[in-house]
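This report covers aromatic contacts, charged pairs and one surface patch. Please look through the sequence and the structure before reading on.

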Amino acid sequence: MKPIWKWIIGIVVVLIAAVFVVGWYYSRNWKPIVETKLKETVSKSTNGLYTLKYDDLDLNITLGNATLKNAELTPDSAVYNRMVLAKEAPNSRYHIKLAALKIRRFNIWDVIKNRKLYIKDIIFESPDIHMMSERHAYNDTIQPKQTKTLYDNIKDVFSSINVRDINIDNVKFKFSKIEEGKTSDIVLDSIGIKVHDVLVDQASIHDTTRLFYTKMVEVEVPKFEYDLSNGIYKAKFDRLLLNTQDQNVLLTKVEYAPKISKAAYFKAKNQNVTMAVMKFDTLRFEKLNFKELIDNQQTVAEQVQIKNGSVSLYNDKRYPKKSSSKIGKGPQQQLMKVNQLIRIDTVFVENVDVLYGEYSAKFNKEGVITFDNARGTLTNVTNDSTVLAKDKFMRADLHAKIMNAGLLKIQFGFDMLSKDGYHTYKGSLGRMQAPAFNKILTPLLNAQIESGNIRGISFNYQANDYRNWGDFRFDYDHLKLNLMNAVDPGMSKTKKGVLSFVVNNILINDSNPDANEKYHIGKVNYKRVPEHTFFKTLWQSMLEGIKQCAGISKEREAKLMGAAETGKEVVEETQEVIKKTGNFIKGLFKKKDKGEKEEEKKN
């Protein structure tokens, strides 16, 4: 080997040795400096609300590694209470524990020369995060003071900080919501969090492609189940995926349902309070504004998708129902009352089955009506007054198969700014057989549709809190009812047949156009019963149209309802018919009775 190479190698060795010696020196002598500066920065940047403590700091400047062991970030309750009194406390605070915080591959020379800190990886081991949320009204109403940015807090030490990747695995997360001195908790386990490309410098806070200085935050929650505060319902999902770069949130196998059976639910409530069961395979938010959601608890998204699921609602009339006015409680009015802002451009509904069931106190049976494979869209779903100033209507365009038979199409238009809940609805029902409705009619009225061909229904209504008005068209033929009830349990089948005959031939028209080729159109002006819900009022207005199309006057309706419940009124009607027809029916029965007696004598 030539002498010159010996000198070169010798110089390189000395330089490497010098680097290690300097690294060792800084590792030993910078340690207390870094500790002091680190704790000071945390306290200063949070106005004294948080303190940082840890068991040990392992600093290796040569390799660019640092490790905090058993680190803990703790909020100071005394400082927080002072901030509350001064109306400066945030709504949320955190208590964070870590088995280790590992920082890998940072360049100390770049820090010394340019005051720029680049870190390749930050790893959180066994993180335990407790988030406490306590809403303060002043945060909603008081104009926030000019606060320091994260860059303002680090600019005296660094001109920029850039972290390529942050990995947080197996996170244990507890969320505590504090309201009126009471605390409710949600606990999640085994959460995975990945953060990519964190940049803190003078310009990054204004970078619209970043959320809180990051290019991407990805969160995965494997399972979630939470018992709601009432102790009866639970909410759960199988998986949650969140990506701030794509601005998407996906939840699978979402469920909101009672923890107990239907019978136990109504027994526990001891009231006829609607029981709801909701299950969806997919619930997805697209182009969700995470900054608004985190900063202001506002839900702003371009699209929401609800796919492959069911909504079941049940009532039980064996229990008393608390009577209260439902005026001002339509779905659009309830949305406007939500404290937090909601602004969703479009909600897509796909393949959702809707069921309503009601248990009859009189006949001890449950009737159900179903709207199968419901799909459609809701647009301009918002309570944002600035958006509604441009377009005040929320719209819904939906269709489903009623009783899994006829295709029902319905369009709603809700005036979100109307003081009396003005809205419109129009739609149509395609061809189907009327006996499909026996699933709800027979258990609740003890009557059944024996036959009937629905050729089509169309309707167009306007409505507000106090009445519904509009046109209803109902084309049908061969409608026949079979009354299953009687004045007393011993009533013969023959007399029941007479009741049904009178109802079918006197009280209702068996077709529209009727036997005289007159076409009946329902001209509805229905006055709302204040205690009726929005959807019950909608149904009652539809029913009014059906009755008019079937030729059922107020007098006929009273007699028809009597037939369905007791048969008494129809018996009286039958007697009148018998008189008017020269006792023809009565004579038939008498002859039959006489013939039966002669037959008995022969035998």
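Which residues form one aromatic cluster? They are F412, F414, Y425, F459, Y461, F472, F534 and F535.

## Basis of the values

The model is predicted: local features need pLDDT of at least 70, side-chain atom pairs count only at pLDDT 80 or more, and totals for chains, interfaces and linings use all residues. Residues are numbered from 1 along each chain as its sequence is written, and side-chain values use heavy atoms, with hydrogens and water left out.

## Aromatic pairs

The whole structure holds 15 aromatic pairs. Rings of Phe, Tyr and Trp (its six-membered ring) pair if their centres lie within 6.5 Å; planes under 30 degrees apart are stacked, over 60 edge-to-face, and the rest tilted. Y425 and Y461 are a stacked pair, because their ring centres are 5.0 Å apart and their planes lie at 10°. Y425 belongs to strand β20 (residues 423-429) and Y461 to strand β22 (residues 447-463), so this pair ties together parts that are 36 residues apart in sequence. Helices (H or I, at least four residues) and strands (E, at least two) are DSSP runs, numbered from the N terminus. Both Y425 and Y461 are buried, a term for under 20% relative accessible area; exposed means over 50%, and partly exposed in between (1.4 Å probe, protein chains only).

F459 and F472 are also stacked, at 6.3 Å centre to centre with 15° between the planes. F459 is in strand β22 and F472 in strand β23 (residues 467-483), so the pair joins parts that are 13 residues apart in sequence. F459 and F472 are both buried.

## Charges over rings

A charge sits over a ring if NZ of Lys or CZ of Arg is within 6 Å of the ring centre and within 35 degrees of the ring normal. K39 lies over the face of Y54, 5.2 Å from the ring centre. R93 has its charged end over the ring of Y80, at 3.9 Å from the centre.

## Salt bridges

Side chains of opposite charge can pair when their charged atoms come close. With a salt bridge taken as a side-chain nitrogen of Lys or Arg within 4 Å of a carboxyl oxygen of Asp or Glu, the count is 25. One of them joins D238 and K223 at 2.6 Å, N to O. D238 lies in the loop between β11 (233-237) and β12 (239-243), and K223 in the loop between β9 (214-221) and β10 (224-227), so the bridge connects parts that are 15 residues apart in sequence. D238 is partly exposed at 32% relative accessible area, whereas K223 is exposed at 57%.

A salt bridge also links D384 and R343 (2.7 Å, N to O). D384 is in the loop between β17 (366-382) and α9 (385-388), and R343 is in strand β16 (residues 342-359), 41 residues apart. D384 counts as buried at 7%, and R343 is partly exposed at 27%. In the bridge between K523 and D471, the closest N and O atoms are 3.2 Å apart. K523 is in strand β24 (residues 521-527) and D471 in strand β23, so parts 52 residues apart in sequence are tied together.

## A nonpolar patch

F212, L293 and I294 make a nonpolar surface patch of about 240 Å². Patches consist of residues with over 30% relative accessible area and no salt bridge, with like charges joined within 9 Å and nonpolar side chains (Val, Leu, Ile, Met, Phe, Trp, Tyr) within 5 Å. Accessible areas come from the Shrake-Rupley method with a 1.4 Å probe; for residues, only the protein chains shown count as cover. L293 is in helix α7 (residues 290-296) and is partly exposed at 32%.
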